[in-house]
Amino acid sequence: LHAWRDAPMFPTPAGALKGLARVAVLDGVAPRVVDAGCGMGDALRELHRQYPQARLEGLEWSWPLRLACSWRCRWLKVPARVKRADIWSADWSPFAMVYLFQRPESMPRAVRKAARELRCGAWMASLEFEAADLQPTAVHHCADGRPLWLYQAPFKVRVDVLTR
């Protein structure tokens, strides 16, 4: 129930992140990238395609999904470290990018956490769901037309939010 309440399992489609590395450039030799709520590992596969040099990590609350994701990553040759963790209590500060495919109602919580923990220059990427109070740094359009909202720390608040 805990995992389902945060985000029902909707996998990141194959090819969805194609071209992302040109839009959201990650600094460093082996930047750390996390899929917060990795499910079966579909986004980890896509992130590996875009950032083959990255150290990928997956956080998943559900232990059966965590085990399945670890197995699937090995089978697909995706070099990701997957651990069972609550994405809301895990530390996001070491990551160059936090990838999310959550729910609209969990986005304000994700924004508060990312604003507190992500270092300057790090990215928060949200498939489909916009952080309504933030000005996106960029919007990447996936092959199927869905938006991937990209926010680089420090975040910029939307002008219309400031005038409310």
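Colleague: Where does P154 lie?

Modeller: P154 lies in the loop between β8 (147–152) and β9 (156–157). Strands here are DSSP runs of E with at least two residues, helices are runs of H or I with at least four, and both are numbered from the N terminus. Residues are numbered from 1 along each chain as its sequence is written, and side-chain values use heavy atoms, without hydrogens and water. Please keep in mind that this is a predicted model, where local features need pLDDT of at least 70, side-chain atom pairs count only at pLDDT 80 or more, and totals for chains, interfaces and linings use all residues.

Colleague: What makes the peptide bond from A153 to P154 cis?

Modeller: Its omega is near 0°. Most peptide bonds are trans, and most residues other than glycine have a negative phi.

Colleague: Which phi does K77 have, and where is its place?

Modeller: K77 is not a glycine, yet has a positive phi of about 60°. Its place is in the loop between α4 (63–76) and β3 (80–84).

Colleague: Why is K77 called exposed?

Modeller: Exposed means over 50% relative accessible area, buried under 20%, and partly exposed in between (1.4 Å probe, protein chains only). K77 has 68%, so it counts as exposed.

Colleague: And what about E128: why is it called partly exposed?

Modeller: E128 has 30% relative accessibility, so it falls in the partly exposed class. E128 also has a positive phi, about 75°, without being a glycine, and its place is in the loop between β5 (123–127) and β6 (134–135).

Colleague: How do you know that R103 forms a salt bridge with E105?

Modeller: The term asks for a side-chain nitrogen of Lys or Arg within 4 Å of a carboxyl oxygen of Asp or Glu. For R103 and E105 the closest N and O atoms are 2.6 Å apart, and the pair forms a salt bridge. R103 is partly exposed because its relative accessibility is 25%, while E105, at 53%, counts as exposed.

Colleague: Why does E46 count as buried?

Modeller: Its relative accessibility is 3%, so E46 belongs to the buried class. R45 is buried too.

Colleague: What makes the chain as compact as a globular protein of its length?

Modeller: The chain has 6 helices and 9 strands. Its radius of gyration is 15 Å, close to the 15 Å that the globule rule gives for 164 residues, so the chain is as compact as a globular protein of that length. The radius is taken over C-alpha atoms, and the rule is 2.2 Å times the number of residues to the power 0.38. Of the 164 residues, 49% count as buried.

Colleague: How many contacts, as a percentage, join residues at least 24 apart?

Modeller: Among contacts (heavy atoms within 4.5 Å) between residues at least 6 apart in sequence, 65% join residues at least 24 apart.
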